[in-house]
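Open the model in your viewer and keep the selection tool ready. The stops below go from one residue or pair to the next.

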Amino acid sequence: MKNDRNDDQQVSAAYSDLASERAPKHLDDSVMRMAKAHVEHLPYSRWTAWSRPLAWAATVSLCLAITLEVTQVTSLLNSATETAPAEVTTPAAESDMDQLLYLPDSMADSIDSEKISPARSAAKQVANEPAPAPVLEAKEDYLQKREERPAAAAYKSAGYATSAAITADMPDSECSATARSDPESWLECIAALEAGGDEQAALRQREMLIDTFPDFNLP
Amino acid sequence: MVSAVRTFQQVHQPLSRQATVAYAAVMDHQPEDSALMLRYKDGDLAAFETLYRRHNDALYRYLLRLCRHRENADDIFQEVWGKIIKAADRYRPTAKFTTYMYRIAHNCFIDYLRRNKRHTHLGDFDPDCQPNPGDLPEMAAERSLARERLHAALLDLPDEQRDVFLLHEEAGLTLDEISSVTGSNRETSKSRLRYAINKLRIAIDEPAETS
């Protein structure tokens, strides 16, 4: 065993002395060129390393941009609605618009109106237009919806006029227009009709009262 | 002559190997081959260069003595590194990198033998040994003669025995790793190595009889 180990060492040493060749330079260059070319054509490499952070950054930027845009549009509309009832645009409202559009007054005044950006012009136009009266609009909507209700349609098909038509064509013998202008007086008129024995007219007037003043609590 | 060779071994061999290991341990931490390969897989060319410089000469000597032709050794050398580079994307450190590399080299050599059925047994290269400037003329002549005999004996070894001996000496592989590279069992590898060493020792010790 010991002799074997000595033989191994002797042969190893002799071989170490013998084997001193080195890889030629042209082979080194060739292999390194191959390695470099492979790295440059890797499907991974730097793009892969940066793709995920870039995707996150793009997503966050997009979300921020959308949020800012929505906030600006909402505040613009709110300010336009608030300033709308005053039919004439006040200097204060115009100043608000300038602030919203990030333009100071001095700068806004110095800019020719034709050179103002389309977005700013549109926003100013919205601010200058008088907004419709909210109460009147709501009442018109209510009346239109009431005409379109299935119950109203059935009522009309059964030979009865709708409340609007009834109130327009109603004879003053039942309840006068003055009495119908106020639910309290209208109710007194209905009570008078009931007392006079005209049950049909009283019932009709009651229904019209409910339709016209749905929020009024009947006794 | 034998005593001169042994004196040379005692002076040079242990000093050089121990010194290398000691300096490597003290100076810096060397990254492992598999770690370098994984870094190259991620696109680090410098890691590959370190890996290449670490193994290029040993692999070249292995192939040179296995093929016994410089041009063929050059071709196979490039082929081996080309395969390592191409397979870098799929590399997984399941075994020692040297085992992985020499398995590729062994397989490339087998392919080379199949392609070249007229494989000659005569070597066409001479060892690049330069005489040691410190040697006396007589010692230098003896060393040169010993090298020539060892070189001739090495080229005369059967391919399998030479392969196992070179894997043991150049790559520093263990018997199990040699078995893994060559695809033979451990006892076969051990037997081939023993035969190879015996033949080489005889060639060194008894030059007159073998020549």
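Start with B:Arg147, which is buried at 8% relative accessibility (buried means under 20% relative accessible area, exposed over 50%, partly exposed in between, with a 1.4 Å probe and protein chains only). This is a predicted model: local features need pLDDT of at least 70, side-chain atom pairs count only at pLDDT 80 or more, and totals for chains, interfaces and linings use all residues. Residues are numbered from 1 along each chain as its sequence is written, chains are lettered from A and ligands numbered from 1 in the order in which they are written, and side-chain values use heavy atoms, leaving out hydrogens and water.

Helices here are DSSP runs of H or I, at least four residues, numbered from the N terminus. A:Asp17 is buried too, at 18% relative accessible area.

**A second crossing**

Select A:Glu21 and B:Arg65. Their salt bridge has its closest N and O atoms 2.8 Å apart. This pair also runs between chains, from the loop between α1 and α2 (25-40) of chain A to helix α3 (residues 45-67) of chain B. Buried or exposed? A:Glu21 is buried, at 0% relative accessibility. B:Arg65 is buried as well, at 1%.

**Within chain B**

Move to B:Asp159 and B:Arg162. They form a salt bridge, closest N and O atoms 2.6 Å apart. The two are 3 residues apart in helix α7 (residues 159-169) of chain B, so about one helical turn separates them. B:Asp159 is buried at 17%, and B:Arg162 is buried at 0%.

Next, pick A:Asp28, B:Glu49 and B:Arg53: salt bridges that share partners join them into one network. How many salt bridges are there over all chains? A search of the whole structure finds 17.

**Last stop: the surface**

Select A:Trp56, A:Val60 and A:Leu64. They make a nonpolar surface patch of about 350 Å². Patch residues have over 30% relative accessible area and no salt bridge; nonpolar side chains (Val, Leu, Ile, Met, Phe, Trp, Tyr) are joined within 5 Å, like charges within 9 Å. Accessible areas come from the Shrake-Rupley method with a 1.4 Å probe; for residues, only the protein chains shown count as cover. A:Val60 lies in helix α3 (residues 46-83) of chain A. A:Val60 is partly exposed, at 45% relative accessible area.

Notes
Salt bridge = Lys/Arg side-chain N within 4 Å of Asp/Glu carboxyl O.
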